[in-house]
Structures are given as C-alpha cells and as structure tokens.
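Subject: Structure for your review

Hello,

Here is the structure for you to look over. My notes on the ligand site and on one helix pair follow it.

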Amino acid sequence: MEFNEVIEKRRSIRKYKDTPVPREYILKVLEAARLAPSAANRQPWHFVVVQDAEMRGKLAGRQSWAAKAPVMIVGLADADASPGWCHNDLGIAFEHLVLAATDLGLGTCWMGQTRRDAEIKELLCIPETLGVVALTPLGVPDESPGPKARKPLYQIVSWEEYGKN
Ligand SMILES: Cc1cc2nc3c(=O)[nH]c(=O)nc-3n(C[C@H](O)[C@H](O)[C@H](O)COP(=O)(O)O)c2cc1C
C-alpha cells in the first residue's frame, strides 16, 4: 500500500474473524515498532504478544469484542529506562505497529485501558517499573467502518504564532 493509503485506511476495528494471524505477520508488525524513534534512542518499550484465548479474554475485560481477535498485543513503557519520555516513545512505536498491521490488511484498535494497570501487570507477570500504556487486538477485520470525523486543519493548526490562521 502507498503510505497515504495506509494512513487513510486505518480504522479502529472492533469486529474480528477468528482466522489465525501467521507468526510472520506478527513479527512484521513488531519489527515496525522496533524501528520507531525514541528519546536518546533509549527504546523504553516492551511488547507482550498474547495468543492464549483465556488470557485474551481476561485482558479485554468488559470490551469482550477485543478477545475475538486471535492476537492481543500489550505495549509497555519502561519508566526506569526513560522517565520523561517513555510514554511518548511507546505511543510512537505502537502507532508504527498499528500502521504496519493496516498495510498487511490486519485490523487493530488502540485500547488505553481495559482493566486496571495493576490487574494487567499481575496477569502477565509484568515488572513494577513497566507501565501498561496501550493494548490492541490484531486480527482479520470482520467489519469495514467508514472514517470518523476529524477536526479541520484550520482548527488545529496555527501559522507562525498560536491562533494565527
Ligand atoms: C489512547 C487511545 C485509547 C483508546 N481506547 C479505546 C478503547 O479502550 N476502546 C475502544 O473501543 N477504542 C479505543 N480507542 C479508539 C478510538 O476510539 C478511535 O481511535 C477514535 O474513535 C477514532 O476512530 P478511528 O481509529 O477508527 O479513526 C482508543 C484510541 C486511543 C488513541
């Protein structure tokens, strides 16, 4: 896909087929995350790939639709490695992952909080210094939602100084 097509086609997908995702595709999206920029190149991130159905169900919490996808990826930020920037960095890496998935025809949906941070950490044996920043199901979409509205550029951009159109 052309880069702009990837950007335009990405959607939050909340309905998935139970078709398995080949390991090769999982590795491709993780590789896209690995190549992301980070402050001082500290790469303060970790990704937990969950394929076990019972665990996916637990991670999804009340958003049970997310457990239908055969893979759930949990993005962690390491506050010890980069206290000021780890959340920014994880966000960038996670979006790389999401866009790479779109390019492969796979669906994702950013999820900020499915359960309390401490609960997810206990479920996945995550060390104390790592924070859960984002989760996404990864799978073959079973819906094609249209684009959601976005603010027009003039509302979100100033030229030369704030408020100048
Ligand atoms: C940080 C973050 C957290 C989100 N959390 C959830 C969530 O918990 N559940 C959900 O269904 N969607 C979640 N979303 C998806 C947004 O609702 C979605 O991106 C937005 O409505 C725009 O739709 P689109 O992604 O299809 O363009 C989240 C998105 C972001 C960036």
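To begin with the ligand: one of its nitrogen atoms lies 3.2 Å from a backbone N or O atom of Gly 112. Please keep in mind that this is a predicted model.

On its own the ligand has 620 Å² of accessible area, of which the protein covers 64%.

The residues around the ligand include Arg 10, Arg 11, Arg 14 and Arg 150, along with Gln 63, Trp 65, Cys 109, Trp 110 and Met 111. By class, the shell consists of five charged, four nonpolar and three polar residues.

The other item is a helix pair. Helix H2 (residues 23-34) packs against helix H4 (residues 86-103) at an angle of about 145°, and their axes are 7 Å apart. The crossing is right-handed. H2 contributes Val 29, Leu 30, Ala 32 and Ala 33 to the contact, while H4 contributes Ala 93, His 96, Leu 97, Ala 100 and Ala 101. Eight of these contact residues are nonpolar, one is polar and none is charged.

Regards

Note on methods
Residues are numbered from 1 along each chain as its sequence is written. This is a predicted model: local features need pLDDT of at least 70, side-chain atom pairs count only at pLDDT 80 or more; totals for chains, interfaces and linings use all residues. Side-chain values use heavy atoms; hydrogens and water are left out. A residue is near a molecule or strand if one of its heavy atoms lies within 4 Å of it. A polar contact is a pair of N or O atoms within 3.5 Å; within protein, one must be able to donate a hydrogen and the other to accept it, and residues adjacent in sequence count only if both atoms are side-chain atoms. Accessible areas come from the Shrake-Rupley method with a 1.4 Å probe; for residues, only the protein chains shown count as cover. Ala, Val, Leu, Ile, Met, Phe, Trp, Tyr, Cys and Pro count as nonpolar, Asp, Glu, Lys and Arg as charged, and the others, Gly among them, as polar. Axes are lines fitted to C-alpha atoms, for helices over the stretch in contact, and angles run from 0 to 180 degrees between N-to-C directions. Helices (H or I, at least four residues) and strands (E, at least two) are DSSP runs, numbered from the N terminus. A crossing is left-handed if the near helix is turned anticlockwise from the far one by less than a right angle, and right-handed if clockwise. Contact means heavy atoms within 4.5 Å.
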